[in-house]
Amino acid sequence: MPWFPVKKVRKQMKLLLLLLLLTCAAWLTYVHRSLVRPGRALRQRLGYGRDGEKLTGVTDSRGVRLVSSTQRAEDSSESHEEEQAPEGRVPSMLFPGGARKPPPLNLTHQTPPWREEFKGQVNLHVFEDWCGGAVGHLRRNLHFPLFPHTRTTVTKLAVSPKWKNYGLRIFGFIHPARDGDIQFSVASDDNSEFWLSLDESPAAAQLIAFVGKTGSEWTAPGEFTKFSSQVSKPRRLMASRRYYFELLHKQDDKGSDHVEVGWRAFLPGLKFEIIGSAHISLYTDESSLKMDHVTHVPQSPASHVGGYPPHEEPSADMLQPDPRDTFFLTPRMEPLSLENVLEPCAYAPTYVLKDFPIARYQGLQFVYLSFIYPNDHTRLTHMETDNKCFYRESPLYLERFGFYKYMKMDKEEGEEDEEEVQRRAFLFLNPDDFLDDEDEQELLDSLEPTDASLRQSHRTPTPTASPGTTDTPTPPMTSPLDEQTPRHSRALNWAPRPLPLFLGRAPPPRTVEKSPSKVYVTRVRPGQRASPRALRDSPWPPFPGIFLRPKPLPRVQLRAPPHPPRTQGYRTSSSKVTELKPPVRAQTTQGGQEGQLHGQGLMVPTVDLNSSAETQPVTSFLSLSQVSRPQLPGEGEEGEDDGVPGDEATSEDSEEEEEQAAGRPPGRWREDAIDWQRTFSVGAMDFELLRSDWNDLRCNVSGNLQLPEAEAVDVVAQYMERLNARHGGRFSLLRIINVEKRRDSARGSRFLLELELQERGGSRQRLSEYVFLRLPGARIGDEYGESPEPPPAASIRPDSRPGLCRPLHLAWRQDVMVHFIVPVKNQARWVVQFLADMTALHLHTGDSHFNIILVDFESEDMDVERALRSAHLPRYQYLKRTGNFERSAGLQTGVDAVEDPSSIVFLCDLHIHFPPSILDSIRKHCVEGKLAFAPVVMRLGCGSSPWDPHGYWEVNGFGLFGIYKSDFDRVGGMNTEEFRDQWGGEDWELLDRVLQAGLEVERLRLRHFYHHYHSKRGMWATRSRKSARTQRS
């Protein structure tokens, strides 16, 4: 037996263990490096050139690294697809609610074969009727860059169509004239971008020059040096090679549209010259290709950079997540298990127009709206900056007064009661502001002068006053302020009383113990001060106020105060009424000088010192003791009596002295005081209570009617009580997803309950059923309104409150087939988009119970049947018609192709963006023999998209209509005779006949249901003027 050193091993045990650990670490390191080396080599090949030199990576705005053009040709054929999802462009942005994944990012690396005859022109793609002036707006177009409105060519890089709201994409090859460094510059109105590749590959294109990014920048034609971004850095080009370029231009609805690209050799003093036909060539020939052929269209970084805004909070409330959008994916409870929960009852609402004669297009007035709980945020709050029709006030009223009438200003401590408000130039008159006949006669009697005064007025133009004169007319001593009895007459009575006004409150009038009766007059406010002699010699103009009696009236003249009245911190206006205090009668002098009235206390409306010389009538009130002639210079300086205590003369003189002492020039306007500490009280306003369930054709931004929470919770509580009583408490309510109510004030209300339930020991389930809340004592006939039946005992609660029952013949089917019928003609880009949306709908929902029926009126721009075959749809039908486009005939042809009468036909449009819950919404609101569905679509504005929706609800349109085929045949189908050569109005005519057949039409605004903004040029084979002239010639 060989000898083994056991003792030595024991002594060196620690060293042996350390050696073993080091050996294991070295082995693991070797294995790790062996596994990682192939991946590192792969990454080096993708990111580096053949010689190991790092290339400039092409990265789009969403962070996707694009493969360099130096990659081997065998790695990509004509185009290379990146399967990674772009960052910042989540599926919910492409399809609100997450109905589809973003399309793959295509970048073209290998160009199609080039021929010599391509020289002299470049490709031009036009995207019409798209608002905005920035190139980023063009990238947000739904069809950019594959499906332009027009494909054509241009012979030089200088284009000016003299049009508006369009975008251009010009691409091709540039052939330099000689080797060397070349500078490029772009000029345009509005924004533009010029991209140039390092070679002929579109994937290597780089942005080298641009005009603006926001849409507000522009240049004049040929202005190549306005912005520093217009001029590129020198580029080393070779005459023996061709270089791919791409020019993007966006034009809004203003300015002189143009875009041009210039170049020059990088030498001092040379000017930019427009690139002509001798140095450009086509990318490919598109003359023989149809509009749905897009594999040849190059895709470069210019086509994708900044196409969509970064992921941020939605601008519209409707884009916020809502459980309604995905609730259809929850398994539904079997309707058979819910039949015995409620007692059955007949359902025959009183608002159904069965066999009721109505006029043409009058059915719009008999469509009622449903109430929704909880809030689905379909109200377009982000559009109410320009459209405030949700509020019942007139737009002119809101523009002038705002919402101040809903606010009650708080009173400061010690502030007097401000019940008197400001009156504004006869705009708001109450019946109480008029005198009756007795008061009118009393006022006229008080205006009649005595005989002595009449004789004196005949002798001299100005009445004189002596100390002993006693026959002066005496005004009545009763004040209108003391009269509390309301008066009604055509004569004006300006007694102060509370009158509601919407902009603040006027200061309270100064009260006196005895106020003289007032005469309503109109005085002239001069723009410039007239001379005293002119005022004395010229007769006073006729009294232009209210003629109380055709008899001579005393002439009244006013003297303007030396400075404007004190504002006392309140806002004033030119038509403000000011109370006047009676002045003190002056004493006559020994020299026979005429007596006069010193009106230092008279307050008149302020005079604009900068106004013109034209006189303006000003409303005022005078007592008869204030009648006098104008005061001349030097008069009244002697023998003038002081005012009585509290008179305005003393206060105004003291104010004038204070102004002069403070160094302020007298007679200037005083600024209005702003009360920054003003507070107010307001009550909670629920403007939804002001809306009715009539189809509101006036307001197109208001959303669905809101159902009060208490009512919805009460109905749900009743149903859950019956459900648990039937099933022994197996189900518990998790949340209320949706409650829809259709009101019938005579018999009761219909509800659609959608609840998320949790089964005991099971999974979550979806309850979606119609129930009826019948009013106590309501008697409802059968389906045809004949033999009425008494309400079942179970539907009436012990407290005489309405109870729930199950309406007969009102149950919707979840597996019913839905046929989308769409007539088309020469709309290739929209047909492709529609088929893509339907394919995404099928993939996201997994629902195969729908069929696409396209009725083609001999489209020339694409092969519609081939596009249907290539789309991944569960079912489709292709129908071909000849002749001109007729919407009614096309829809009727599609309906006739449906064989199952118990299926739903949905009359559809081509330019629709569907929400993922569209199939479920159509099925829920279509009941055979009872309900038809006309959802309200949001019509997007120019430049708007489903990710940033700006537009309005199409409240007048009923072109999108869902109905069972049996009901459609029963009402007679489409009117193909009257609407043969036109469209528009056929949906209203169909609505009239549907209502007369006894069907209800459910009208709801659907979330994420949009009608795309599209160009109407070239639709339905409409010829332009230029093409028509060409054919005639």
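**Strands, sheet and disulfides**

Mentor: Start with S13. Both its faces are covered: Tyr243, Phe245, Leu247, His249 and Gln251 on one side, and Tyr244, Glu246, Leu248 and Lys250 on the other, are all buried. Buried means under 20% relative accessible area, exposed over 50%, and partly exposed in between, with a 1.4 Å probe and protein chains only.

Trainee: Before we go on, what kind of model is this?
Mentor: A predicted model: local features need pLDDT of at least 70, side-chain atom pairs count only at pLDDT 80 or more, and totals for chains, interfaces and linings use all residues. Residues are numbered from 1 along each chain as its sequence is written, and side-chain values use heavy atoms, with hydrogens and water left out.

Trainee: How many residues of S13 are buried?
Mentor: 9 of its 9, across residues 243–251. Strands here are DSSP runs of E, at least two residues; helices are runs of H or I, at least four; both are numbered from the N terminus.

Trainee: Why two sets of side chains?
Mentor: Because side chains in a regular strand alternate between the two faces of the sheet.

Trainee: Which way does S8 run against S13, parallel or antiparallel?
Mentor: Antiparallel, with 9 bridges joining S8 (residues 166–174) to S13. Two strands pair if DSSP finds at least two bridges between them. Phe171 has Glu246 of S13 as its bridge partner.

Trainee: And how many bridges between S10 and S13?
Mentor: 5, also antiparallel; S10 covers residues 192–197. There, Phe194 is bridged to Leu247.

Trainee: New topic. What is the strand order in the open sheet with S38?
Mentor: S36-S42-S38-S39, 4 strands with mixed pairing. S36 (912–913) and S39 (951–953) stand at the edges with a single partner strand each, so one side of each has no neighbour in the sheet.

Trainee: What about S38 and S42, parallel or antiparallel?
Mentor: Parallel, over 3 bridges between residues 936–940 and 1005–1011. Arg939 stands opposite His1011 in S42.

Trainee: Now cysteines. How many disulfides are there in the whole structure?
Mentor: 3. A disulfide here is a pair of cysteine sulfur atoms within 2.5 Å.

Trainee: How far apart are the sulfur atoms of Cys131 and Cys942?
Mentor: 1.8 Å. The pair links distant parts of the chain, 811 residues apart: Cys131 is in the loop between S5 (122–128) and H4 (135–139), and Cys942 in the loop between S38 and S39. The S-S torsion is about 115°, so this disulfide is right-handed. Cys131 is partly exposed at 22% relative accessibility, and Cys942 is partly exposed at 24%.

Trainee: Which cysteine does Cys345 pair with?
Mentor: Cys805, at S to S 2.0 Å. Cys345 lies in S17 (residues 344–345) and Cys805 in S31 (residues 803–807), so the pair ties together parts 460 residues apart in sequence. Both are buried.

Trainee: And Cys389? Which partner?
Mentor: Cys699, at S to S 2.1 Å. Their torsion is about 70°, so this disulfide is right-handed. Cys389 is buried at 11% relative accessibility, and Cys699 is buried at 1%.

Trainee: What is the pairing in sequence order?
Mentor: Number the bonded cysteines along the protein and the pairing is 1-6, 2-5, 3-4.

Trainee: Last one. Is Cys926 buried or exposed?
Mentor: Buried, at 0% relative accessibility. Cys24 is partly exposed, at 40%.
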